[in-house]
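Subject: Structure handover

Hi,

Here is the structure for you to look over. My notes on it follow below.

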Amino acid sequence: MAFRRLARRAGSSAAVLPATALLSFSFSGDEESHRQVAVCDEGEKVGMIFIGTGSSTGCPRPSCALMFGAESRPIDTEDPELVAMRGMCRVSSLATKGDPRFNKNYRGNPSLLISHKNNDGADEPGRRKRRNVVIDVGKTFTENALRWMPRIGVTSIDAVVLSHEHADAIGGLDDLRGFQSVPKPNPSTGFPDTNSLPVYSSRQCQDVLRRQFFYLFPKKQDGAGVSTTKDGKKVKRFVASLDFQVVEYFRPFVAAGLKMIPLPVMHGEDLVCNGYAFTLDGATEEKKTNVVYLSDISRLPKDVEEYIRNELPATDILILDSLSFDKKNATHINLIEAIEMVKRIKPKRTFLVGMGCDSFLEHDEMNDELKRLDVDVQLAHDGLFLNA
């Protein structure tokens, strides 16, 4: 098996992960056991839930799903090209089966929801209320948010943080309108008003947003969604009410009570993408979880790696890109490169995201193989919840 090559190259000791690596809210592939977990009262639990863990295409890959999906017609088994293609589309085919809530191979665009009780900005001293920060709102965000947010009792979003300006990170920006509270008419204008949702990004990312989502940026006098006809009449469209904020590399900012530090990494040599570091307060003041999130990365600059290793607290959870098994890519690292990075950063646990749909074994099979390594690395899956 190809994985044996991985084990040798990554220095595997074939050790099995300790029981502490298991997650208390990891959804099982078995529907009944999943239902038993899902109906538990999560209350005011804090932690992180993966809204999406796939590549920009997601999983299943449409071309594979249309030919070899659960609802597709049987193929001509005498055609060697189709038979070979079916083998290449195995995970996509598996991703089409059953309810996505119970299928770990079904993946949306990378997105993480952080449900926390931090009060790092001290905006309400002494009060620890639950707030929700989302990293990236890609093309599949709405579908996946509606699937997974109710599972942990989350009914609102308090801030959005963007990693970069590609469609798999910003494609759902317009959909945020539907996540905002039902607006009430402003007595003075007659137009509906909603509280603006803060959206944090790099300057480079915001410049692209201004061009692609120009109607979401409020004009000085009229506000967002207002245009003027040739004869001077105002036309108001109901759009998301967003408050766009620029963040600077390595400079901490506070998103809805959570202090985050932007980490500039390369996503192809022509694009700087923001990773983020943050610390989640746990159920007690003593318990803290240090997280580094690097969802789209082809190269980790030396100064950023040194900052993570020497300036930040020791990493408890690393969330890391991994597009393919060992194939080189100009814009993403592969699994071999990810494991090498893990060995340098030395987190307690690592969860991989951004997986190409048919670039790995089936989810559980792949994680069984990863348990052979001497580092704690696993594929994440949509709906996976990590306690703070």
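Start with the disulfides. Cys59 and Cys357 form one, with their sulfur atoms 1.8 Å apart. A disulfide here is a pair of cysteine sulfur atoms within 2.5 Å. Cys59 sits in the loop between strand E1 (47-52) and helix H3 (62-68), and Cys357 in the loop between strand E16 (349-353) and helix H11 (363-370), so the bond ties together parts that are 298 residues apart in sequence. Helices (H or I, at least four residues) and strands (E, at least two) are DSSP runs, numbered from the N terminus. The link is right-handed, with 40° about the S-S bond. Both Cys59 and Cys357 are buried. Buried means under 20% relative accessible area, exposed over 50%, and partly exposed in between (1.4 Å probe, protein chains only).

Before going on, some ground rules. This is a predicted model: local features need pLDDT of at least 70, side-chain atom pairs count only at pLDDT 80 or more, and totals for chains, interfaces and linings use all residues. Residues are numbered from 1 along each chain as its sequence is written, and side-chain values use heavy atoms, with hydrogens and water left out.

Pro60 is in the loop between E1 and H3.

The other disulfide joins Cys64 to Cys89, S to S 2.0 Å. Cys64 lies in helix H3 and Cys89 in the loop between H4 and helix H5 (90-95), so this pair ties together parts 25 residues apart in sequence. The link of Cys64 and Cys89 is left-handed, with -55° about the S-S bond. Cys64 is buried at 6% relative accessible area. Cys89 is buried too, at 4%. The count comes to two disulfides. Their pattern is 1-4, 2-3, with bonded cysteines counted along the chain.

What about Cys205? It is in no disulfide; the nearest cysteine sulfur, that of Cys273, is 8.9 Å away. That distance is too far for a bond. Cys205 is buried, with a relative accessible area of 1%. Cys273 is also buried, at 1%.

The largest nonpolar core has 32 residues. Such a core is a set of buried Ala, Val, Leu, Ile, Met, Phe, Trp, Tyr and Cys residues joined through side-chain atoms within 4.5 Å. Leu263, Leu294, Leu300 and Leu320 have the most contacts inside it. Elements that each supply at least two residues include strand E12 (258-266), strand E13 (272-281) and helix H10 (335-345). H10 gives the largest share, six residues. A second, separate core of 30 residues includes Val137, Val160, Leu209 and Phe385.

Leu263 is worth a click. Leaving aside neighbours within four places in sequence, its contacts (heavy atoms within 4.5 Å) include Phe250, Cys273, Leu294 and Tyr307.

Phe250 has a positive phi of about 70° although it is not a glycine. Phe250 is in the loop between strand E10 (242-246) and strand E11 (253-255), and is partly exposed at 27% relative accessibility. Ala256 has a positive phi of about 50°, and is not a glycine either. Ala256 lies in the loop between E11 and E12 and counts as buried at 15%.

Best wishes
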